[in-house]
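I opened this notebook to keep track of what I looked up, entry by entry.

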Amino acid sequence: RAYLWALLASVIVAACGPSAEVAAGEELFRLGKPDVGATGCGSCHRLDDRGTLSPGLQGIAVQAETRVPGLTAEEYLRQSILDPNAYLVEGFDLVGMPTNYVDKLSQEEIDSLVAFLMTLDE
């Protein structure tokens, strides 16, 4: 019986909003980690389709699946964070994205950032 209550509680929590991981990723996207010199992604990337300095991220969860053959959307997003020069989106050949996030963000932070980006499917 306790199992059923726990299951019901997890369903209700999932239905009520984003997970803690997604919320942490959104915070990183917006604020970065100033204490270690990691700027927020939102300082260059917009959440709509209008990128000026860098690609806009509207629909990135869907687009990411098609960017690099052989990579899943999650793998592509992770690669783009850790090795931004591995693949350049057409029209954005000059990469100004920091290449030191591998040293500035923990694995858990990168996971949460990818989880947040995977919610941007429209």
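My entries on the model follow.

**Basis.** I am working with a predicted model, in which local features need pLDDT of at least 70 and side-chain atom pairs count only at pLDDT 80 or more, whereas totals for chains, interfaces and linings use all residues. Residues are numbered from 1 along each chain as its sequence is written, and side-chain values use heavy atoms, with hydrogens and water left out.

**Pocket.** I looked up the open space first, taking a pocket as an open set of points on a 1 Å grid over the protein atoms alone, with protein on both sides within 12 Å along at least five of seven lines, and lining residues as those with an atom within 4 Å of a point. The largest pocket has a volume of about 580 Å³, where a volume is the space filled by probe spheres set on the points, and grid points are joined across faces, edges and corners. I noted 30 lining residues, of which H45, S54, P55, S80 and M97 lie nearest the pocket's centre. Helices α3 (60-67) and α4 (73-82) are the elements that give two or more residues to this lining, and α4 has the largest share, with four; helices here are DSSP runs of H or I with at least four residues, numbered from the N terminus. By class, the lining divides into 21 nonpolar, seven polar and two charged residues, with Ala, Val, Leu, Ile, Met, Phe, Trp, Tyr, Cys and Pro counted as nonpolar, Asp, Glu, Lys and Arg as charged, and the others, Gly among them, as polar.

**Cavity.** I found one cavity of 30 Å³ or more, and the largest cavity holds about 50 Å³. Its lining includes L28, K33, C41, Y101 and L113, and comprises six nonpolar, three polar and one charged residues.

**Helix packing.** Helix α2 (residues 20-31) packs against helix α6 (residues 107-117) at an angle of about 95 degrees, with the axes 7 Å apart. I therefore recorded α2 as roughly perpendicular to α6, a label for angles of 65 to 115 degrees. The contact (heavy atoms within 4.5 Å) involves, among others, L28 and F29 of α2 and L113 and F116 of α6.

**Salt bridges.** I counted four salt bridges, each a side-chain nitrogen of Lys or Arg within 4 Å of a carboxyl oxygen of Asp or Glu. One of them joins the side chains of R30 and E26 (2.9 Å, N to O), and both residues lie in α2, four residues apart, about one turn of the helix.

Methods: On a 1 Å grid over the protein atoms alone, a cavity is a set of points where a 1.4 Å probe fits but cannot get out, and a pocket is an open set with protein on both sides within 12 Å along at least five of seven lines; lining residues have an atom within 4 Å of a point. Axes are lines fitted to C-alpha atoms, for helices over the stretch in contact, and angles run from 0 to 180 degrees between N-to-C directions. Angles under 35 degrees count as roughly parallel, over 145 as roughly antiparallel, 65 to 115 as roughly perpendicular and the rest as oblique.
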